[in-house]
Amino acid sequence: MPYSINFLNNQYKRKVSIIGTGYVGSTIAYALMLKELAREIVLIDINKKSAKGEALDIKHGIPYMGSAIIYDGDYSDCSDNDLIIITAGRNRKTNESRLEMAEDNIRIVNNVVNQLSKYYTKGIILIVTNPVDIITYKVAQWTGLPNGIVFGTGCILDSSRFVNTIADYLSINTEVINGAIVGEHGESQIPIWTKVTVAGVPIDEYCDSIGLQFTQVEKDMIPQKVKGMGTEIILDKGKTHYGIATCVCYLADAILNRRATIASVTSLLEGEYGVNNVALSLPCIIGSNGVEKRIIERWADNELKLFKDSEKRLKSVLARV
Ligand code: NAD
């Protein structure tokens, strides 16, 4: 797809299109409006009536909270965006893994990208549709855009669940905890325990100092809980959308307001940890150019091995689809 490298010199309109306005897309639109992160929000869906209804419903609260020009549109509205968010696709059924949705959602997102490419000139493309690593890889390939312009939410939600679960265990505010999950947004995700800190103090050292048990048992139990959280919510209510919408707002703020941040998101790897030709999550610097840098950390050998396992697992799916 043609791409205007000079778009940063243009006036920033903070215009965002959301393609797919089901639970996830409409919740993202609502959160963007409440947080006043976008000036203009366009809702696009194959079901035009539903996109129109969602746009009107969100718009009608604006006199009292938030702001944005919000309307339903079509792909021609994607010609001058700062951010395009793709959530189109079917969601996960009970007891289904994310990878089992690959073929259906590749087909749907391929259709989306074909239509989008007729109008696209600029803007970050953020993938939310699952399996997000596979879809991000495919969209990066189909569009041929510079690395980092296309990226996916990846493990940002898992990292947030990880921090939440650690905070609960330590009985302390999430704000002081730093930690990331990397690799696949799915079964083979990896907690990077060696880098988890509490107010800058390594977690083992912190637990020692406050006399709290923190052994391999806790190190296994916490990530196990985190991995199952999506499934647990789907069993309870059939879908997940609030958590991911909040994560997307965090990324949108970095992109639209040039408030560069760091989060574990998925993008096409270029030799990091010896891995190529697959999209996986790593902590990345995210700013107005999307993923601007992937951060290489010194991991423990077992963390590195698990990352390679994640690579193998994703590559075997890519070879099949
Ligand atoms: P949903 O069924 O409520 O909404 C999907 C929307 O996509 C529907 O409105 C549908 O009409 C639309 N759509 C389908 N085909 C389309 C096409 N060709 N063009 C445009 N729109 C099309 O599903 P949802 O709960 O909103 O979930 C959407 C996706 O987000 C799923 O793949 C889900 O697994 C994923 N998700 C990802 C994360 C994450 O962490 N990455 C978290 C939650 C959900």
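Tutor: Let us begin with a pair of charged side chains: lysine 13 and aspartate 80 meet in a salt bridge, 2.7 Å from N to O. A salt bridge here is a side-chain nitrogen of Lys or Arg within 4 Å of a carboxyl oxygen of Asp or Glu. This is a predicted model, in which local features need pLDDT of at least 70 and side-chain atom pairs count only at pLDDT 80 or more, while totals for chains, interfaces and linings use all residues. Residues are numbered from 1 along each chain as its sequence is written, and side-chain values use heavy atoms, with hydrogens and water left out.

Student: What parts does the pair of lysine 13 and aspartate 80 tie together?
Tutor: Lysine 13 lies in the segment before β1 (15-19) and aspartate 80 in the loop between β3 (69-72) and β4 (83-86), so the pair ties together parts 67 residues apart in sequence. Helices (H or I, at least four residues) and strands (E, at least two) are DSSP runs, numbered from the N terminus.

Student: Which residues are linked with these two in a network?
Tutor: The network of salt bridges links Lys13, Lys15, Glu40 and Asp80.

Student: How many salt bridges does the whole structure have?
Tutor: The search finds 16. Among them, lysine 305 pairs with aspartate 309, the closest N and O atoms being 2.9 Å apart. These two are four residues apart in helix α10 (residues 301-320), so about one helical turn separates them.

Student: And arginine 259, which residue is its partner?
Tutor: Arginine 259 forms a salt bridge with aspartate 253, with 2.8 Å between the closest N and O atoms.

Student: Is aspartate 253 buried or exposed?
Tutor: Aspartate 253 is buried, at 15% relative accessible area, whereas arginine 259 is exposed, at 52%. Buried means under 20%, exposed over 50%, and partly exposed in between (1.4 Å probe, protein chains only).

Student: Let us change topic. Which residues are closest to the ligand?
Tutor: The closest are Tyr23, Val24, Asp45, Gly89 and Val128, and 26 residues surround the ligand, each with a heavy atom within 4 Å of it.

Student: What lies 3.0 Å from an oxygen atom of the ligand?
Tutor: That is a polar backbone atom of tyrosine 23. A backbone N or O atom of arginine 90 lies 3.1 Å from a ligand oxygen, and a polar side-chain atom of asparagine 105 lies 3.4 Å from a ligand oxygen.

Key
A polar contact is a pair of N or O atoms within 3.5 Å; within protein, one must be able to donate a hydrogen and the other to accept it, and residues adjacent in sequence count only if both atoms are side-chain atoms.
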